[in-house]
Amino acid sequence: MGGLTLGGGIGWMVRKYGLALDNLVKAEVVTAAGEIVTASPLEQPELFWALRGGGGNFGVVTHFTFRAHPLSTVHAGPIRYDVEDLAPLLRGWRDVMRGAPEELNATFLAMPSFGPEMPASTQILVCYADSDEAAAEAAVEPLRGLLGARDADIREKDYVDVLEDPQPPEAPLTIVANNGFAPDFSDDAIDAIARVQRELGGVLMIRSLRGAFNLVSADETAFGFRDSEMLVISAAFLPPDAPPAATDRVRALWAEVSPFLAGSYGNFLSGSDEQAIAAMFPLATRSRLAAIKHRYDPQNLFSQNQNIAPVST
Ligand SMILES: Cc1cc2nc3c(=O)[nH]c(=O)nc-3n(C[C@H](O)[C@H](O)[C@H](O)COP(=O)(O)OP(=O)(O)OC[C@H]3O[C@@H](n4cnc5c(N)ncnc54)[C@H](O)[C@@H]3O)c2cc1C
């Protein structure tokens with residue numbers, strides 16, 4: 001919960017209840033000076049702002065207080081598709097999500113084969129965040145009718161059971177991962193993503209946002225890019241002995257998608273170099289974080305992270 005919440009927290013109810021950090025109401029923090037302080041909208045509000053998106057830069061959170069939401073069961077599971085070209089399916093999915101209720105959360109997932117136990121697949125994973133079966137079925141039905149739909153396994157279940165992700169078998173591979181927020185999941189963006197995925201053949205995961213995620217303004221927390229429609233995540237797999245040119249090729253292909261994206265989700269970035277930090281925050285957010293860092297950690301004690309360097313104002 002620590003890194004997840006302080007960096008964002010995109011869960012299966014992001015369209016209904018926002019990010020994990022949107023549901024944080026109070027945090028107890030041990031600061032670089034060794035003080036124990038409470039951060040909330042009323043106490044140390046600047047620290048509270050910075051904690052919600054600024055990661056572990058401002059202290060050690062020893063207690064999180066969250067707003068909880070009543071929920072009995074959800075309707076969740078995969079819809080599987082047989083398609084050669086991802087673009088028409090992605091367009092259809094986007095159109096459904098644009099008119100869908102906030103209860104419907106969905107992730108598009110295209111995976112290569114990880115051996116006989118995990119063959120290649122194209123799926124839309126859905127979680128309808130309510131126990132109302134008729135409403136869930138009405139929301140999901142349009143996805144079942146998309147081009148190439150093969151079968152589905154959507155069932156009523158406890159929310160905790162949705163969190164058990166199947167893990168791909170471990171293999172000695174180098175993963176080159178990229179991600180970015182799409183403010184507008186346009187036809188052109190989709191064509192570029194489908195083209196690059198065809199070349200890369202790795203994992204493509206796209207999480208639908210909007211809803212409650214968009215209702216928080218970009219400067220209300222240190223998590224920017226609130227106007228996003230989708231989060232696009234790509235992971236290419238290379239043999240461990242692949243030459244640097246292979247990584248360069250992945251980066252060059254991803255560059256074809258980049259013009260359609262703004263910023264990156266830090267919790268899905270493996271890097272913590274300057275390029276990664278620059279992608280994680282809009283400029284105004286980063287400047288404000290640097291000033292708050294200077295106030296709470298002027299010596300940069302908390303530096304073994306996606307680091308915000310202190311800047312005095
Ligand atoms: C299999 C897998 C699935 C994932 N799925 C999702 C997902 O669905 N949605 C999503 O949003 N993210 C997801 N993530 C990413 C996840 O949000 C990040 O990996 C996150 O950093 C995990 O937090 P942690 O505390 O476990 O990690 P850690 O590596 O322990 O911490 C990451 C950083 O957070 C900071 N930190 C952690 N705890 C504290 C604390 N108490 N006080 C101060 N700083 C702290 C530190 O700076 C640390 O460097 C997934 C990751 C994995 C590996």
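A residue is taken as buried if 20 or more other C-beta atoms lie within 10 Å of its own C-beta atom. By this criterion, buried residues make up 40% of the 313 residues in the chain. The model is a predicted one.

The overall dimensions were examined next. For 313 residues, a compact globule would have a radius of gyration near 20 Å. The chain has 20 Å, so the value agrees with that of a compact globule. Along the principal axes, the C-alpha atoms fill a box of roughly 60 × 50 × 35 Å. The secondary structure comprises eleven helices and eleven strands. Among contacts in the chain with a separation of 6 or more, 75% join residues 24 or more positions apart.

The ligand is surrounded by 14 residues. The closest are Gly2, Gly3, Gly56, Asn267 and Asn305. Two elements each give two or more residues to this shell: helix α1 (2-7) and strand β3 (60-66). The largest share, five residues, comes from α1. Sorted by class, the shell holds nine polar residues and five nonpolar ones. No charged residue is present in the shell.

Helix α7 covers residues 187-200. At 1.5 Å a residue, its 14 residues should span 20 Å. Eight positions are listed as buried in α7: Ala189, Ile190, Ala192, Ile193, Ala194, Val196, Gln197 and Leu200. The buried residues of α7 pack against both helices and strands. The helices are α4 (86-98) and α9 (244-255). The strands are β5 (104-111), β9 (174-182), β10 (203-208) and β11 (230-238). Just after α7, Gly201 adopts a positive phi of about 65 degrees.

Arg155 lies in strand β8, which runs over residues 155-158. Leaving aside residues up to four places away in sequence, Arg155 touches His75 and Gly77. Val14 is 141 residues from Arg155 along the chain, and the C-alpha atoms of these two residues are separated by 20 Å.

Conventions: Residues are numbered from 1 along each chain as its sequence is written. This is a predicted model: local features need pLDDT of at least 70, side-chain atom pairs count only at pLDDT 80 or more; totals for chains, interfaces and linings use all residues. A residue is near a molecule or strand if its C-beta atom, placed from the backbone, lies within 6 Å of it. Helices (H or I, at least four residues) and strands (E, at least two) are DSSP runs, numbered from the N terminus. Ala, Val, Leu, Ile, Met, Phe, Trp, Tyr, Cys and Pro count as nonpolar, Asp, Glu, Lys and Arg as charged, and the others, Gly among them, as polar. The expected span of a helix is 1.5 Å times one less than its number of residues. A residue is buried if 20 or more other C-beta atoms lie within 10 Å of its own, exposed if 12 or fewer, and partly exposed in between; C-beta atoms are placed from the backbone. Two residues are in contact if their C-beta atoms, placed from the backbone, lie within 7 Å. The radius of gyration is taken over C-alpha atoms; the globule rule is 2.2 Å times the number of residues to the power 0.38.
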